[in-house]
Each structure stands twice: as structure tokens, then as C-alpha cells.
Amino acid sequence: MAPRASWIEAHPTGIYLPTADAWIDPAVPVDRAIITHGHADHARGGHRAVLATRETLAIMDCRYGPQPGQAIGYGETIRLGDVDLRLVPAGHVLGSAQAVLERGGERVVVSGDYKRRPDPTCAPFEPVSCDVFVTEATFALPVFRHPPIGGEIDRLLAVREAQPERAVLIGAYALGKAQRVIAELRRHGYDAPIFIHGAMQRLCDLYRELGVDLGELRPVADLKPAELAGRIVLAPPSALNDRWSRRLPDPVTAMASGWMRVRQRARQRGVEMPLVISDHADWDELTGTISEIAPGEVWVTHGREDALVHWCRQRQIPARELALVGREDEDD
Amino acid sequence: MQAFAQLLDSLIYTRSRNAKLALIGAYLKAAPDPDRGWALAALTGDLSLRAVQPGIIRALVSQRVDPVLFGLSYDYVGDLAETAALIWPGAQIAAPPPRLSEVVDELQRITRTQAPAVMTRLLDRLDADGRFALLKLATGGLRVGVSARLAKTAFAQAFALDPDDVEEVWHGVSPPYTALFAWGEGRGERPSSDDAPVFRPFMLAHPLDDRDVDLSDYAAEWKWDGIRVQLVHVGGETRLYSRAGDDITQSFPEVAESYRTPGVLDGELLVRGDVQGGAAASFNALQQRLGRKTVSQAMLRDFRAFVRLYDILFDGPEDLRPQPWTQRRARLETFMSRLDSARFDISPLVDAPDFAALETLRLGAREAAIEGLMLKRRNSPYVSGRRVGLWYKWKRDPLVADCVMMYAQRGHGKRSSYYSDYTFGCWTEEGELLPVGKAYSGFTDEELMMLDRFVRSHTVARFGPVREVEKTLVLEVAFDSIHASKRHKSGLAMRFPRISRIRIDKPAAEADRIVTLRGLAV
């Protein structure tokens, strides 16, 4: 039997389609890039042509300046060389997409990063049956089981209420996680202004322009410490233990990340309140999705590849690691 | 079990001492007997359950979970209890979670052969946090950053008791401490500690800031640079306690064996210097004996410990603490005649007619084990802690050296995010800079800002959290003494180094040389 999807090549710098002359999420500038979502380890600047959803292009414009982009709507099919490309929602962040590729009767789904939990800021993941499923493996260990987000938000609100003299400072990735936490706080009835670090302003504005309701957001800058007591403040994880956070009145330091499941990880971060909130699939979502899609073969891009490959092989599903470079997962 | 698990979880993420005290206190007030007593015992380290070995946990998990996935997970998480707690497949039994007391009862009763079945049943009834608490309890060692003293202080604060009083009754009570909680809640008598070798909090001294002290009211004696120790013998048992109330009997068995006279003494633990029977050696020599669980014959021979006595708290059952210092000193001298003079002596008094004479004495004292002078008010009782006007300490002036900053690391607590821990060095004859010490205090907040800015803008390399800086900034470092040591490449180590001045005026090449420092070593 011929190897599956021999028209797709895995290089350390990304996935390449020779007959379409297109790369998926390349780590270096290329002539034509298909971008699954706007996180910096997938979407880099400097490509000569970019194919992505309208939202992902807007995020890239915002981060890197105007992009030579071609917007593709969810469900729309375009032809590149002899390959048909369709983007379907991945449920990871606003605009995130799986690239569904078809050639000669074979279908490959490059899922990018994805999750299966409901998220008020983006369209939900759509399973697509395929011959080869290309998956991430960020949380591919059975110790990672994310709890429902509602419980985490409830804990957060309870702490704020119990300690009104302190600010609650939440470390959250500036694209996606921050807006999801804000939207979930609103869903839980928290309607006071939420204060944000300057590095989040433009992305939050963009989310609003793209139709995601975030309620009233205010910059932290220029406020006196006393005015921030009892407030919820969001900042990128890197700002949590930096001098920036010293302006806050003895803040309760929280961090929203799937890594918070592991106590030592949370402690290293100096986090007082770990919030297990992730935009990546946990172990049950990863294995459940593979079972649901039932692909002929699984390729694993980045994360705990060995564990997921082992799990697939135990179930007679051929699987291999792609060993891509430059994927970061520390802050999610 | 859920409340206890939540307490452990919160303690892990809490750094401030006061916040920890509040968390423990709130739990102890809310939880019922006997659960809270077992929890307190777990925190103070007085609960030992030995039936469950780590091997049992590994075997149990491997029965439920693919061993390869378990192995990969353990590698990643790095803690067996945490890995097992997270990976254990969700509750299999609809039964309600067990109470902490139920867990402790079971774990105390079971044998090693019963352990797997009992642990499986318990794990199945708990959620991930509960499983973590269970596994930490069962395998010993909570490691939640709470010392025995802190846990007892939390108990005392929760029930508005004096922590020293709690410490005194502690050895007369045992888990689950129902009598202790009854006392705390005013439902019962203060538990008796008469027949137990308990720790009594030490009397401490204030630094002598000015000389507004009438010397005729005070006795003067040397301040020895060893380990402050309390010797207790009662009911046929001897204990040695450190200043923090830790039991250090095991580290100094020869001292414990030679103290067999009922009573409680306060003194300084020292080791003999080079010449057998000679003067007391430096603190550095004593450090060789600290923290050892077993003490070798060579250790006993090379570092002969003895106690230089300062005070007497109890003579037999008689509590001498309310008596004035002069009375206690007389009783101590009488008591000394019943002790082995090879292991015990009395810290001699020094003649102090006026401050000028004292100053001469203090400056002239170059004996390795002298840290300075003590002034003790003649009519003062023995009271715990530092009380104004009773005891003063007057340390020798520190030594200073000009050193060059080499590496910096971020601090903790209120200094997190600032580069506040500095490694500094001095020059070899070949013109190489070698580290001689590390300091993280002595500067003002403003100086810290300046040092932090220097580190950030002069970094030449990074090694994980450590930044190497350009070797241009001279720091004047004050220290109490300096010793030969293998800790630093220079072969020297300072005792209590701190930054005394930032010498921006001084070129790095003019900082001190290692030979100069070696000349100060004792």
C-alpha cells in the first residue's frame, strides 16, 4: 500500500504542500502561507502571501502591520495547484481554523491548535472525517484534565468578594485567553469595568470590532493603587512578577492556563490562585476527538507527542511525530 | 477530607506567613474534632503513618493506567503523589468522600499487605485534590511550607492563646489533641506538661543602640558564637532544643548523654578548637555537626561539643524563671557542681565599670568564638522573647571588604521581580575575580532600585535565573567573620555578609584582593 498523503511534506519549519506551493504555519517567511490562527508561534510576519480567515488576517494586521492576505470564509473551498483547501472552525481562539486539504480522493485535516470546550469568543470545533488527522499534543498526558471553566470563574469571583481590599490580577495570554476570560466573567454576571494591561488593548479593541462583546474595559495605567482595590485586572503572564504589577494593591495573583493543573508549575510562577483554563484540548478531548474522527492515520505536531503516539498505536491507529520547531506552549 | 485537602492546596500557593496563619487558624476553628486534631498533627509532623510505601502507589496506579503513560506523566510532573492524584481515573464509587479521621484511623490500623486494597478504596472515593492530600498523608511529608512552630502559632492565634504557652503544653498532649482544643475553646483545663521534656521559649536580647543604660544595674558577659541551646532533663529523658524549638538531641548525642540532672538550662553549644581541650572554635567548625541524623565517631572526636551555660530555668521541678537574674546565676553555679566539667562550663562574667572599659574589651576580643558582649539586667526574671530594657547584645564591629558584583538573581517575597541577591568576588594575585560570598540585604529600597537597574543594563550572560554582570560595580560588604570553606572557588566564606555601601566612586580594579581577606580569616 502506498504511504498515505505523500503529497504533504513535514519539515521542521512547517508542513509543505509541494503541488500547491504552500506552507501551513511556517516558522520562517515563505511565498505562500496558510495560517491556522493568530498566535505568534503559528502566525509570523514576512510572508509574501497569506491565506487565512478574515479574523486571523485582522489579528496579523494588528500585530505585524498590513498583510498581503487573502481571506477565506469558514466552509469556503479554494483551489491551490491541484489541492482543494477549506477552512473549518477549530474552537481555539477567534478566527482559528483547521485546514481541510483534499487531493486525488485523499483528505487530510491539519487541525492547528484546537479545543472542544464551549468558548463565547469563537466558533466551535467541527469534526471532519479524514484519512490523516494532524493534531497538536500540548496537553497530551493523562494528568491533564481541564475542569469546566464555570467552576474556575466562580472561584475567581469568590476570592474577589472575600478580599475586597486587594486587586485580583490574572495572567492570561493576550490573544484569546484574555478575551475568553473576560467574556466568561460577563457571562457569570460580572459587569463592573475590567482593567487591562496596555499590551492587551489593541487585541481587545479588535475583538470588539469583530463582534465579540467584552463589556467595559479600562487601561490600568494612570490609576492609583487604592483605586484598583477590589478590581479585576488582566495582564500578560510575563507581567505578573515584573515591576509592572507592583502598582497594584497587594494583588491576588492568578494565572489562567492549562499548566496550572500541576502544582509545582503554578508555584514556580509565584501564582497564588491557579485557574485551570486552557484554549487547548486536554487528554480526554485529544483522545476523544481521534476516536470520533476515526482517521486512517494520526500525525502529531507539537507537545507531548510520545504519549499521544503511544496511545494511538495501542489502538492500532498508525501514528507518527512530525517534530516541528518553534512551537511554544509555556504560557497557555 | 475535602476541607483538609483545600487547606493543603491553599497553603501550597500562599507565601505570606500571616496568610498561612490565617488559613490554618480558620480551618482549625471550623473543622470538627477529631479531624482538626489529625490535621494539626500532620502539619506539625507529629503524625506518622508508615504502612504505605511509594512502591505501593506506583503499583496501584499501574493497575489502573497504562504504565507507559504513567511513566511519561511522572517524568513530566516530577512528584509521585501529584502524578498519581491527577492520573487516577475519576471516582468509581458513588460513596461520599471519607472524613480525615476515617482516613487516619484506617491508615494507622492497616498492615503493608492490606495497604493496596485500602488505598484503592480511599482513592476511589476522592477527587483529585482529595487524592493528593491522601497520598501526601499516607507517604509522609506534606511539604506545604509550614513549620511545626508555625502550625502551633496558628493554633494559638485561632484560640487567642499565648504561642509560648501552647509550646509548653505541647509535649504533654498527643494527636488528635482533643484536650488541647477543649482548652483552646475554654471547655477544659490547661493540659499538664510537668513530666515531659518540653521546650520553653528562649529569652532574647535587643541590640544595644545607644548607651543610655545604667551599667550598675547590669551584669556583662561574652556573647558566644555557637548555637543557642536549651537542655532539658525530666522524667529520665533528655532533650536538646535549638532556638526555634527544634529537637536537636540526635545531632549531639554525647552532650545529651552527659546531661542527667533534672532541670532546664540555657547555654551556647560550641565545639573545642584545634588543641584538645582548648578554647572554643569558630561557628564554622560547629556547622560541621549541624543537621546530621547520625554522627560518626570521627565527628565526635574531631568536633567535640560542649555547652557554655548562661542561665537556669528549672532546678528539678522548681521553676526559677520568676526569680531575678542574680538569684538564678547563683543557682546555676551550684547546679554546675553536679555536671561533667568536660562537657559543661559557665559563661564567665566580665568586669564592666563603664562603657569605655567595655569598649576596650569588645574591641580587644579576637577569640574566634566571641561574637560580642551581653548586658543582662540583674533584677530581671527569665521571660520569653525580647523585652525592652532586660537583655542587650553588643556585637563586635563587622569586618568590611570592597568586592565586585559578579552575578545577580531575583529575590523572593516582596522583592520578587527585583535583582536583589548578589554574588561578589575579589581579585586573585593573577588578576582573576573569584566569588567570596553572596548577600541579599543591607541596602535601602532606593539602593535596591539602583542595583536592579545596574543588573538589568549590564547583563553579559544568563544562566537560567542567574544573570552575569559586567565586573564594574564595587560593593562594600560587611560581615561578622570569614572562614576557610569549600563553598566558593576562592576557598573563603563569610558569615552574615550584607551590602554596607555601594561604591560607585571606586574603580573595580581597586577592590580588595583575596590574600587580604585570607588574612582576616579565623
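I started at B:T44, which is found in helix α3 of chain B. Helices here are DSSP runs of H or I with at least four residues, strands are E runs of at least two, and both are numbered from the N terminus. I note that this is a predicted model, in which local features need pLDDT of at least 70, side-chain atom pairs count only at pLDDT 80 or more, and totals for chains, interfaces and linings use all residues. Residues are numbered from 1 along each chain as its sequence is written, and chains are lettered from A and ligands numbered from 1 in the order in which they are written.

**Entry: B:T44**

Is B:T44 buried, exposed or partly exposed? I find it partly exposed, because it has 19 C-beta neighbours inside 10 Å. The cut-offs: buried means 20 or more other C-beta atoms within 10 Å, exposed means 12 or fewer, and partly exposed lies in between, with C-beta atoms placed from the backbone. Beyond four places in sequence, B:T44 is in contact with B:A148, B:A151 and B:K152. Contact means C-beta atoms, placed from the backbone, within 7 Å. I also looked up B:L150: it is 106 residues from B:T44 in sequence, yet the C-alpha atoms are 8.3 Å apart.

**Entry: helix α10 of chain B**

After α10(B) comes B:A160, with a positive phi near 55°.

**Entry: α3 against α7 in chain B**

Two packed helices are described by the angle between their axes and the distance between the axes. I looked up both for α3 (residues 35-44) and α7 (residues 100-109) of chain B: the axes come within 8 Å and cross at roughly 65°. Axes are lines fitted to C-alpha atoms, for helices over the stretch in contact, and angles run from 0 to 180 degrees between N-to-C directions. The crossing of α3(B) and α7(B) is left-handed. That means the near helix is turned anticlockwise from the far one by less than a right angle; clockwise would be right-handed. B:D35, B:W38 and B:A39 make the contact from α3(B), and B:L100, B:S101 and B:V104 from α7(B). By class I get 4 nonpolar, 1 polar and 1 charged. Nonpolar covers Ala, Val, Leu, Ile, Met, Phe, Trp, Tyr, Cys and Pro; charged covers Asp, Glu, Lys and Arg; the others, Gly among them, are polar.

**Entry: backbone checks**

I found a cis peptide bond from B:D33 to B:P34, omega near -5°. B:P34 sits in the loop between α2 and α3 of chain B. Another cis bond joins B:P175 and B:P176, with omega about 0°. B:P176 is in the loop between α11 and α12 of chain B. B:Y177 is also found in the loop between α11 and α12. Its phi is positive, about 60°, although B:Y177 is not a glycine. B:Y177 is buried, because 25 other C-beta atoms lie within 10 Å.

A:Q316 lies in the loop between α7 (305-314) and β19 (319-321) of chain A. A:Q316 is exposed, because 6 other C-beta atoms lie within 10 Å.

**Entry: the cores**

Which residues have the most contacts inside the largest nonpolar core? They are A:L169, A:I170, A:V233, A:L234, A:A254 and B:A39, in a core of 206 residues. Such a core is a set of buried Ala, Val, Leu, Ile, Met, Phe, Trp, Tyr and Cys residues joined through C-beta atoms within 7 Å. Strand β7 (residues 305-315) of chain B gives the most to this core, 7 residues. A second, separate core has 31 residues, including B:V469, B:L475, B:F479 and B:I499.

**Entry: between the chains**

I count 19 residues of chain B in contact with 23 residues of chain A. On the chain B side, α1 (2-13), α5 (67-77) and α6 (80-87) each give two or more residues. The largest share, 6 residues, comes from α5(B).

Key
Contact = placed C-beta atoms within 7 Å.
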